[in-house]
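Student: Could we go through this model together? I would like to start with how its strands pair.

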Amino acid sequence: MIFWYIFAAVVILGGFMVFTGAPYVPSKPKEVKQALTKLYRLSDRDVLVDIGSGDGLVLRAASRRGARAVGYEIHPILVLVARWLSRGDKKVEVRWANFWRRPLPDDVTVVYTFGDNRDIGRMYDRVVSEATRLGRPIWLISYGFKVAKQKLVRQEGAHMLYRCEPLRDEATRV
């Protein structure tokens, strides 16, 4: 009987990935720790948003460093898993939401993502758009994929750090 539950979960997860293009790739705790300590020193002044937060590992790691952490996850089963694993942690919030259609929290300072070659450029542009809306820079940590034609601030293993500056409107000289 347990086999059928596991089989059904795998089929549902796999089918969802085919239709959304959002693969679930679990993060490695050691690499996340290095990204949040050596690449970008996360603190209690930060609000980290994890795009495609999966089981919430990055969110919990951010919370342990004092940051408030907000996950955007499109897969409802992963939202439930992340909420359950993060239960009781007041600094972690997991939203069942599509990153492309929802604004980031106004106090966001860092965005963490495991994009892919197809979407990482769009994700960078989306964070720049939010930085422009908020009128201040936002840091972007990309796991596994470089953003083409953008200045890399620092790299730690497979994690890359970018500073997404607000766009300047020449007419208003913002």
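Student: Which residue stands opposite Glu 73 in β3?

Tutor: Glu 73 stands opposite Trp 96 of β3. Strand β2 (residues 68–73) and β3 are paired in the parallel sense over five bridges. Two strands pair if DSSP finds at least two bridges between them; helices (H or I, at least four residues) and strands (E, at least two) are DSSP runs, numbered from the N terminus.

Student: How does the chain cross from β2 to β3?

Tutor: The chain crosses through α4, and this β-α-β crossover is right-handed. Right-handed means that, with the strands pointing away from the viewer, the path from the first strand over the helix to the second runs clockwise.

Student: Before we go on, what kind of model is this, and how are residues numbered?

Tutor: This is a predicted model, in which local features need pLDDT of at least 70, side-chain atom pairs count only at pLDDT 80 or more, and totals for chains, interfaces and linings use all residues. Residues are numbered from 1 along each chain as its sequence is written, and side-chain values use heavy atoms, with hydrogens and water left out.

Student: Back to α4, then. Which of its residues are buried?

Tutor: In α4 (residues 76–85), Leu 78, Val 79 and Ala 82 are buried, that is, under 20% relative accessible area, where exposed is over 50% and partly exposed lies in between (1.4 Å probe, protein chains only). They cover an arc of only 105° around the axis, which puts them on the same side of α4; the arc is that of the directions from the helix axis to the C-beta atoms. Leu 80 and Trp 84, on the other side of α4, are exposed.

Student: What is the strand order of the whole sheet?

Tutor: The sheet is open, with seven strands in the order β3-β2-β1-β4-β5-β7-β6 and mixed pairing. Because β3 (92–96) and β6 (154–156) stand at the edges with a single partner strand each, one side of each is left without a neighbour in the sheet.

Student: New topic: is Ser 63 buried or exposed?

Tutor: Ser 63 counts as buried, at 9% relative accessibility. Ser 63 lies in helix α3 (residues 57–64). Leaving aside residues up to four places away in sequence, Ser 63 touches Asp 89, Lys 91 and Val 92, where contact means heavy atoms within 4.5 Å.

Student: And where does Lys 149 lie?

Tutor: Lys 149 lies in the loop between β5 and β6. Lys 149 is exposed, with a relative accessible area of 85%, and its phi is near 65°, a positive value in a residue other than glycine.
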